[in-house]
Amino acid sequence: MTQPKTIYDKIWESHLVYQGKDGSLIYIDRHLVHEVTSPQAFEGLRLSDRFVRQPKKTLAVADHNVPTEDRSKGIEDEESRIQVEALRQNCEDFGIEFIGMDDLRQGIVHIIGPEQGFTLPGSTIVCGDSHTSTHGAFGALAVGIGTSEVEHVLATQTLIQKKSKNFNVQIVGRCPEYITAKDLALSVIGAVGTAGGTGFVIEYSGNVVESLTMEGRMTLCNLTIEAGARAGLIAPDNKTYEYLQNRPMTPKGELWESALKYWKTLPSDKDVHYDKTITIDTKNLAPLVTWGTSPEDVIEIGGNIPIPEEIEDDSKKNAIKRSLEYMGLEAGAPIKGLKIDKVFIGSCTNGRIEDLRDAARILKDKKVSEHVDAMVVPGSGLVKAQAENEGLDKIFMESGFDWREPGCSMCLAMNADKLLPEERCASTSNRNFEGRQGRGGRTHLLSPKMAVAAAVMGHLADVRELDS
Amino acid sequence: MEKFTNIKGIAAPMLTTDGNQFSMMINVDTDMIIPKQFLKTIKRTGLGKNLFHEMRYDYDDNEIKTFILNKEPFSKAKVLLAGNNFGCGSSREHAAWAMLDFGIRVIMAPTYADIFYNNCFKNGILPICLSEDVVKYLAEFALKGEEFEIFLKEQSIRVSNYEVNFEIDTSSKNFLLEGFDDIGLTMEDSNLIDIYEDESNTNLPWYSL
């Protein structure tokens with residue numbers, strides 16, 4: 001009998017070009033490229049007189065730098081404009097498909113991959129972006145890489161990797177109402193810690209994971225990197241196949257049927273051994289928010305901000321003190337009721353159609369608090385169009401939200417959308433690091449539903465109370 | 001890439017302090033190392049002046065005197081000491097480029113985030129893993145401005161009369177010592193990639209495009 005394997009083991013083995021002692025060469029099926037981490041890679045190719053080995057397996061889009069307001073005048077910021085133009089030119093020179101700013105399909109790289117059916121179960125996917133883990137929702141091995149590795153993949157369609165260990169995160173129990181995939185992800189990061197997944201690939205399983213929609217699964221896998229693991233994945237099932245069938249870039253006809261047969265062999269074998277396992281019971285889970293400057297700084301909305309003196313470990317104690325000072329918070333105070341200035345709904349974490357539906361359903365017939373500046377940035381042009389078809393844009397705008405063009409926007413504030421010093425933001429994005437959304441800005445991560453509650457109340461609030 | 005030779009130089013400890021006690025700063029993320037406004041470059045060089053920008057300069061771009069890299073002799077540091085999970089967050093290789101451009105060639109911390117760790121090797125930076133206690137002990141020498149010597153071949157660090165060894169896997173070590181061009185090396189195996197692609201076109205045709 002052969003040794004039982006995890007889905008990660010299976011994808012790894014089917015993509016080995018060769019196995020080395022310290023590092024192996026694995027084949028990459030899909031490469032997503034954006035404007036920020038690729039120019040130096042293309043420059044490297046030119047300097048070494050190299051070309052792109054498989055341009056058709058590469059798809060490029062500008063997302064980090066693009067404006068989310070009126071695009072008729074192009075990009076105002078010169079450096080941003082040069083970077084986006086460089087991507088277009090590089091794609092033209094090397095024969096790569098580039099989705100331009102005026103294309104309806106334009107959007108955040110991790111949203112358009114699945115939308116176009118570029119993302120497939122059992123495939124290996126890379127992108128010069130840490131949130132590439134998103135694509136693991138489809139049972140793909142998807143890892144974020146640096147620019148030197150982008151160049152390596154462009155030139156060779158392979159990546160030198162060491163095999164990671166297997167980490168099973170089981171999420172089980174009856175999931176209470178108002179708990180979203182974002183809350184599940186934050187609860188995992190809170191439990192594992194920001195470095196707990198380092199050196200591992202996380203496989204999410206359990207009845208709660210199975211019951212998630214594809215969009216929820218993407219949110220969960222997206223945040224895997226915040227727990228330190230480069231990839232997170234979920235075994236494909238009928239939901240996965242239904243989502244993908246007939247997308248522009250998925251296999252068709254007989255090829256689809258044979259792919260399907262293969263994909264059904266991917267889930268981890270029964271009785272397989274994981275190097276690490278944790279189980280999270282969702283029974284008593286409450287909506288979560290972050291208080292500090294690390295995604296592991298998670299508390300329930302009814303909870304209190306930690307007191308550093310109660311922490312034994314000196315480095316953690318000092319880190320908490322630093323975070324409290326940066327965030328302008330009082331140790332031991334309740335998090336609920338904390339006044340906010342801005343609300344951001346969007347990003348590769350929560351910029352998909354279901355996130356917008358979730359938010360709009362809570363928001364309908366309510367108003368954004370007068371002192372709050374709130375915006376929705378759809379994850380792609382297609383998400384935006386779908387939302388407009390459903391009339392969600394009107395709900396947002398009538399309530400006082402700005403309705404923007406797609407892009408990464410205030411998740412990392414490379415474009416014009418950013419926080420001012422000491423501004424406090426309820427954000428559906430993925431990082432609350434110092435300065436992430438603008439220098440001196442204070443970020444609280446939460447779900448789209450909770451972001452709406454904060455927008456309406458003008459402070460961090462419990463969506464369960466608002467909506468009842 | 002340039003070959004990694006022995007390094008001799010000043011070490012700057014990243015600390016969080018509280019009264020008399022200090023600890024190594026944990027979770028130093030890549031947004032801290034190089035904030036996003038500097039990612040708009042299309043070059044690899046010139047980022048050193050923006051390393052740790054928001055900790056290093058105030059809102060008017062004046063140096064913050066208390067920040068370690070703004071103090072002498074640490075403004076010429078070649079070594080950086082920090083706490084757990086160094087380099088977490090974004091995959092931006094700009095973090096490694098900024099370090100290199102500033103002059104940092106060696107980092108010492110208990111643990112690193114995976115992507116950053118890889119990025120270091122691609123740029124001739126040596127990230128050394130040491131226990132929390134050893135890093136803190138070394139930080140005390142660093143604070144006194146003592147020169148550190150790092151011998152990669154021997155896998156040892158020497159400062160004052162203290163010497164400590166470190167672990168590193170053979171391939172990463174050789175990669176730095178030889179200054180390999182890993183793309184060139186992989187391309188030497190391009191026949192193996194051809195074979196993989198041929199087989200994959202038959203066995204996994206749905207991934208072909």
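Okay, let's start with N246(A), which counts as exposed at 60% relative accessibility; exposed means over 50% relative accessible area, buried under 20%, and partly exposed in between, with a 1.4 Å probe and protein chains only. Before I go on, the ground rules: this is a predicted model, where local features need pLDDT of at least 70 and side-chain atom pairs count only at pLDDT 80 or more, while totals for chains, interfaces and linings use all residues. Residues are numbered from 1 along each chain as its sequence is written, chains are lettered from A and ligands numbered from 1 in the order in which they are written, and side-chain values use heavy atoms, with hydrogens and water left out.

Back to N246(A). You'll find N246(A) in the loop between α9 (238–244) and α10 (253–263) of chain A. Helices here are DSSP runs of H or I with at least four residues, strands are runs of E with at least two, and both are numbered from the N terminus. Most residues other than glycine have a negative phi, and most peptide bonds are trans. D271(A) is another non-glycine with a positive phi, about 65°. D271(A) lies in the loop between α10 and β12 (276–281) of chain A, and D271(A) is exposed, with a relative accessible area of 67%.

P73(B) is in the loop between α2 (53–56) and β4.

Overall, chain B has eight helices and nine strands, and its C-alpha trace spans about 65 × 45 × 25 Å along the principal axes. Of its 209 residues, 58% count as buried. As for charge, chain B carries 20 positive and 32 negative side chains, counting Lys and Arg as positive and Asp and Glu as negative, but not His or the chain ends. The centres of the two sets lie 8 Å apart, with each charge placed at NZ of Lys, CZ of Arg, CG of Asp or CD of Glu.

One residue I'd click on is R92(B). Is R92(B) buried or exposed? R92(B) is buried, with a relative accessible area of 2%. R92(B) is in the loop between β4 (79–81) and α3 (94–102). Leaving aside neighbours within four places in sequence, R92(B) is in contact with residues including L412(A), R436(A), D31(B) and N119(B), where contact means heavy atoms within 4.5 Å.

Last topic: rings. The whole structure has 20 aromatic pairs over all chains. F396(A) and F401(A) have ring centres 5.5 Å apart and planes at 75°, so that pair is edge-to-face. F141(B) and Y162(B) are stacked, at 5.9 Å centre to centre and 15° between the planes. For the cut-offs, rings of Phe, Tyr and Trp (its six-membered ring) pair if their centres lie within 6.5 Å; planes under 30 degrees apart are stacked, over 60 edge-to-face, and the rest tilted. F141(B) sits in helix α5 (residues 132–143) and Y162(B) in strand β9 (residues 162–165), 21 residues apart. F141(B) is buried, at 10% relative accessibility. Ring pairs also link F86(B), Y112(B), F116(B), Y117(B) and F121(B) into a cluster. That's my tour, thanks.
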